[in-house]
Amino acid sequence: MDDIIIKVTDLVAHYGEFKVLDGVSFEVKRGEIFMIVGGSGCGKSTLLKHLCGLMRPTSGEILYNNTDVAVMDADELAEMQHGIGIAFQSSGLFNSMTVGENVAMPMREYGNVDKVLVDDLVRFKLSLVGLAAAQHLMPGELSGGMRKRAGLARAIALDPELVYFDEPSAGLDPIMAAGLDDMILKLKRMLSTTFVIVTHELDSIRMAADRVLMLDKGEVLFCGTVEETKTSSIERVRQFFERRPDEFITQGNLS
Amino acid sequence: MSETRLTAPEQLNNATGAQLYEEAKRAWRAGAATLLLDLAPTRDMDSLGGAWLLKIAGDMRRRDGEFKWEGHQEAIADFMTMLEPALQMKPKKPPKPPGLFDSFTDTLVNFVGEFGEFMGLCVDTLYWTAVAPFEGRGFRFNAFMEEAHEMGVRAVRIVCLMNFLLGLIIAMLSAAQVAAFGMQIYVADLIMIGFARELAAIMTAVVVSARTGAAIAAEIATMKVQEEVDALRGMGINVVQYLVTPKVAALIVVLPCLVTLGLVSGVAGGALWGVLVLGFRPAVWYQQTLGAAYMSDIMQGMLKTFFFAIAIALIGCHNGLRVRGGSRGVGLMTTRAVVMDIFMLICIDIVFAAIFYYWLE
Ligand SMILES: Nc1ncnc2c1ncn2[C@@H]1O[C@H](COP(=O)(O)OP(=O)(O)OP(=O)(O)O)[C@@H](O)[C@H]1O
Ligand SMILES: [Mg+2]
C-alpha cells in the first residue's frame, strides 16, 4: 500500500471573491497524527472542508489514495466519505437522537454491520472515548467535552482509515484535553487510523503530533515534525511555538 | 455455582468473536453462572471482535451472571483498560416511554407547572410593560419600533389580501343564497356587520399568529438553544424586559391597526362583488354599507384584538422559552405555539361573543 494517504498540491480556495487559501501544498502519511495550526481565521476549517469534499476548490489537486477529491462526482464523493470520519468544530451531533443512536446512525445507514451487533459495537466505540455510561443520554444533556468525545465516537464508528477532527480540545479543561490527546494516541495505535487534526493547543501538538502544518494568511508557513519547529529559520513559526506575543501588543499601542 | 472457562482466540475479530459467542451461549445454556475468559492467547483485536466481547459480557450480566477475564497480553492492554467499565457494567436499558397511568399524572403535573410558568411570564410582562417604564427602569423603544415594523408594516399586504378575498367569498356565497328573495342589497349589511364584529379580527389574528406568533417562538427558542438567553441573564439583563416586552407592546399597538385595515379590505372585497357582478351602483352599495356600520359593532370587534395581541405574543414567548433540546425542540415549540395561539383566539372569541350577545343584550 501507498505510504501517502493525502497529497494536496497548489490548493486555492475562495469564499465568493474572498481568497482563503492561496497555493497550499502538503502531504499526509498513512497512520500518522497530522496537526494543522495557525491563527484564528486563517483558513484551517476551510482546508478541512476541502479535504473531505464538503467544498470544491477553485483550483489545485487533493489526492486521497491517489484519486482527486476535487473532481469526483457525487457518488464517488459519497463513497469516499463513507471511508473517512469527520468530527466537526461544534460536534455536529444530531440533537433529536441519543448519543448511542448518533453513533449507530452510520452503522445502520451504510455500515453493513450485523444488526444483532450494532448495540454492542456502539458500546464498544463509546467505551473507547470513555462515554460507556452516556449511551442513552441526549446530546443536550452532555457537557462540552463529552459532546466532543461523542462526536469522535461517531467519526470512528466504522473504523475509518482517516479521521478529520476540528479543534478537539477547544473549550476543554487541561486534564480533559490531555485525556483526549491520550485517547487519540491510543486510537491511532489500536485501530491504526490516520488523524488530521486542527488545533490551537501547543501542548497537544507536543504530546501527540507526528507532523505539523502551519498556515498563515492562506499560505503554508511551515510543514514538518515538532522538533523541526524549534530550529525553523522562519521567525513567525518559532514565535508561535514559543508562544511570544506580537510586537505591537507588547508595546501596548493597541488603540 | 458453576464457573465455565473459555479460551479466547488468537485473533479476536468478527468471525472468531461470533464463534466465542456461540461457545458462551452453550455455556450459559448448560447453567454456568460465571464465565471466565482466558485472554492470554489473544494478540490482536478489532472493533467487531471487541463488540462481540461486550455482547458476551452484556448478555451474561443481563442474565444476572458474572463475567470475568484474565491474563491479557500487553498488545491489547489499551483496549482492555478502555473497555473495562463497559465490561463490568450491566448494559443500561433505554428509558421506557411512560405507561398510561404515569402519563396521566405526568400530564397533570406538567400542565399545572406550565400554567404556573405562563402566569409568571404574564405578571413579569405586565410589570415590565406597564409599570417599569414609568418608574424609569427603561423601555427598549428602538426594539419596539423595529418589532412594530416587522410585525405590522410588513404584514399589511398579506392581511389586506386575505381579508379582501374573504369579503369577496362571503359576498359570493350569501348573494347566491338570498338571490331568490331579491334581497341582494342586504349582502352589504351582512359584510359590514360580519367584518366589524368577527371576521376582520379573527382572520387577521389567524394570519398574524401564523406569521408573527411562529416567528416569535422560533426566534426565542433558537436564542435559548444557542445559550443567547443565558448570555443575557449573565449580563444581568432581564429576559422579559429585553425580549418579551418590546414584542408584546409592538403587537398590542400593531394588531388593532392591521384589523382596521382588514376591515376596510374585507368590505372592499364585498363591494367589488356587489358592484361588478351583482350590478349595484357604487353609491347605493356605499350608502347601504354606511347604514349598517355601527360604532358599537366596530368597537366590540376592536376590543378583542388587544386580547388577541397579548395572547399571540405571550404564547409565542412562553413556548420559545420552554424549549428543550436542539433543532428539533425549536420546531416542536414553534408548531405548539401556533396551535395554542389559534386555540386561544377561539376561546377569547367565545368569551366575547357570550358577553356581548347574551349578557349585554
Ligand atoms: N461561509 C463563509 N463565507 C464567507 N467567508 C467565510 C465563511 N466561512 C469562513 N469564512 C472566512 O474564511 C476565513 C477562514 O475561516 P475558517 O473557518 O477556515 O478559519 P479557521 O482557521 O478555522 O479559524 P478558527 O481557528 O477560528 O476556527 C475567515 O476569514 C472567515 O471570515
Ligand atoms: Mg475553525
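Just after H1(A), A:Gly53 takes a positive phi of about 80°. Helices (H or I, at least four residues) and strands (E, at least two) are DSSP runs, numbered from the N terminus. This is a predicted model, in which local features need pLDDT of at least 70, side-chain atom pairs count only at pLDDT 80 or more, and totals for chains, interfaces and linings use all residues. Residues are numbered from 1 along each chain as its sequence is written, chains are lettered from A and ligands numbered from 1 in the order in which they are written, and side-chain values use heavy atoms, with hydrogens and water left out.

Trainee: Which residues of H1(A) are buried?

Mentor: Buried means under 20% relative accessible area, exposed over 50%, partly exposed in between (1.4 Å probe, protein chains only). Six of the eight residues of H1(A) are buried, so the helix is largely enclosed by the rest of the structure. The buried residues are A:Lys44, A:Thr46, A:Leu47, A:Leu48, A:His50 and A:Leu51.

Trainee: Which protein atoms are donors of the magnesium ion (ligand 2)?

Mentor: Donors are N, O and S atoms within 2.8 Å of the metal (3.2 Å for Na, K and Ca); water is not among the atoms, so sites may look incomplete. The protein donors lie 1.9 to 2.5 Å from the ion, and they are A:Ser45 (OG) and A:Gln89 (OE1).

Trainee: How many residues apart are A:Ser45 and A:Gln89?

Mentor: A:Ser45 belongs to helix H1 (residues 44-51) of chain A, whereas A:Gln89 sits in the loop between strand E6 (84-87) and helix H3 (99-110). The pair therefore links distant parts of the chain, and the separation is 44 residues.

Trainee: What is the relative accessible area of A:Gln89?

Mentor: A:Ser45 counts as partly exposed at 22% relative accessibility. A:Gln89 is also partly exposed, and its relative accessible area is 38%.

Trainee: What is the radius of gyration of chain A?

Mentor: Chain A has ten helices and ten strands. For its 255 residues the globule rule gives 18 Å, and the radius of gyration is close to that, so chain A is as compact as a globular protein of that length; the value is 19 Å. The radius is taken over C-alpha atoms, and the rule is 2.2 Å times the number of residues to the power 0.38. Along the principal axes the C-alpha atoms fill a box of roughly 60 × 40 × 35 Å, and the radius is 19 Å.

Trainee: What is the radius of gyration of chain B?

Mentor: Chain B comes to twelve helices and five strands. The globule rule gives 21 Å for 361 residues, and chain B is well over that, so it is more spread out than a compact globule, at 34 Å. Its C-alpha atoms fill a box of roughly 105 × 60 × 35 Å along the principal axes, and the radius is 34 Å.

Trainee: What share of the accessible surface of chain B belongs to carbon and sulfur atoms?

Mentor: Accessible areas come from the Shrake-Rupley method with a 1.4 Å probe; for residues, only the protein chains shown count as cover. For chain A the surface is about 11700 Å², with 51% on carbon and sulfur atoms. For chain B the surface is about 18900 Å², and the share is 65%.

Trainee: What percentage of the contacts in chain B between residues at least 6 apart in sequence join residues at least 24 apart?

Mentor: Contact means heavy atoms within 4.5 Å. In chain A, residues 24 or more positions apart account for 63% of the contacts with a separation of 6 or more. In chain B the percentage is 83%.

Trainee: Which residues is B:His318 in contact with, leaving aside neighbours within four places in sequence?

Mentor: B:His318 lies in helix H11 (residues 295-321) of chain B. The residue is buried, at 3% relative accessible area. Its contacts are B:Glu114, B:Glu117, B:Phe118 and B:Leu121.

Trainee: How far apart are the C-alpha atoms of B:Val239 and B:Leu321?

Mentor: B:Val239 is in helix H9 (residues 239-276) of chain B and is buried, with a relative accessible area of 8%. B:Leu321 is among the residues in contact with B:Val239. The two are 82 residues apart along the chain, and their C-alpha atoms are separated by 9.8 Å.

Trainee: Which residues does B:Ala57 touch, not counting those up to four places away in sequence?

Mentor: B:Ala57 is found in helix H2 (residues 47-62) of chain B. Its relative accessible area is 1%, which makes it buried. The residues touched are B:Phe67 and B:Leu87.
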